[in-house]
Amino acid sequence: QVQLVESGGGLVQPGGSLRLSCAASGFTFRTYIMSWYKQAPGKERELVAQIPNFGAMAEYADSAKDRFTISRDDAKRTVYLQMNTLKSEDTAVYYCHAMGPPPSYELEYWGQGTQVTVSS
């Protein structure tokens, strides 16, 4: 059974930091492209950051560049999102996403989401 379990969300003041984690099970984690998406109220879900498999370079949405860092630990089957200098507009539910396996990348899995609220 495939599972993506996010944790680490919460309430933080503007300028603060949070580290999200996503623990994966039920699939060959190291071969999957892992991503974080966010969805704010009334808005569509959008990509925040993506980290490919096999050591390729991560990519970020413009809103996340220079503030967020995505990383993965294939041994722990976990992907992380370090979020610094948080702003009110970062408030959203953050979802972990997996896509694979190669070469077709036809399977996709989503976590249940974790709420991030940036407010004073």
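In the predicted model, the link of C22 and C96 is left-handed, with -80° about the S-S bond. Because C22 belongs to strand β3 (residues 18-25) and C96 to strand β9 (residues 92-100), this pair ties together parts that are 74 residues apart in sequence. The sulfur atoms of C22 and C96 lie 2.1 Å apart and form a disulfide. A search of the whole structure finds one disulfide.

The secondary structure of the protein consists of 11 strands and zero helices, and the pattern along the sequence reads β-β-β-β-β-β-β-β-β-β-β. The radius of gyration is 14 Å, close to the 14 Å given by the globule rule for 120 residues, so the protein is as compact as a globular protein of that length. The C-alpha trace spans about 45 × 25 × 25 Å along its principal axes.

Buried residues account for 42% of the 120 residues in the protein. Of the contacts with a separation of 6 or more, 55% are made by residues 24 or more positions apart. The accessible surface of the protein amounts to about 6,400 Å², and carbon and sulfur atoms contribute 49% of this area. With regard to charge, the protein carries 11 positive and 12 negative side chains, and the centres of the two sets are 5 Å apart.

Technical notes: Residues are numbered from 1 along each chain as its sequence is written. This is a predicted model: local features need pLDDT of at least 70, side-chain atom pairs count only at pLDDT 80 or more; totals for chains, interfaces and linings use all residues. Side-chain values use heavy atoms; hydrogens and water are left out. A disulfide is a pair of cysteine sulfur atoms within 2.5 Å. Helices (H or I, at least four residues) and strands (E, at least two) are DSSP runs, numbered from the N terminus. The radius of gyration is taken over C-alpha atoms; the globule rule is 2.2 Å times the number of residues to the power 0.38. Buried means under 20% relative accessible area, exposed over 50%, partly exposed in between (1.4 Å probe, protein chains only). Contact means heavy atoms within 4.5 Å. Accessible areas come from the Shrake-Rupley method with a 1.4 Å probe; for residues, only the protein chains shown count as cover. Lys and Arg count as positive and Asp and Glu as negative; His and the chain ends are not counted. The place of a charge is taken as NZ of Lys, CZ of Arg, CG of Asp or CD of Glu.
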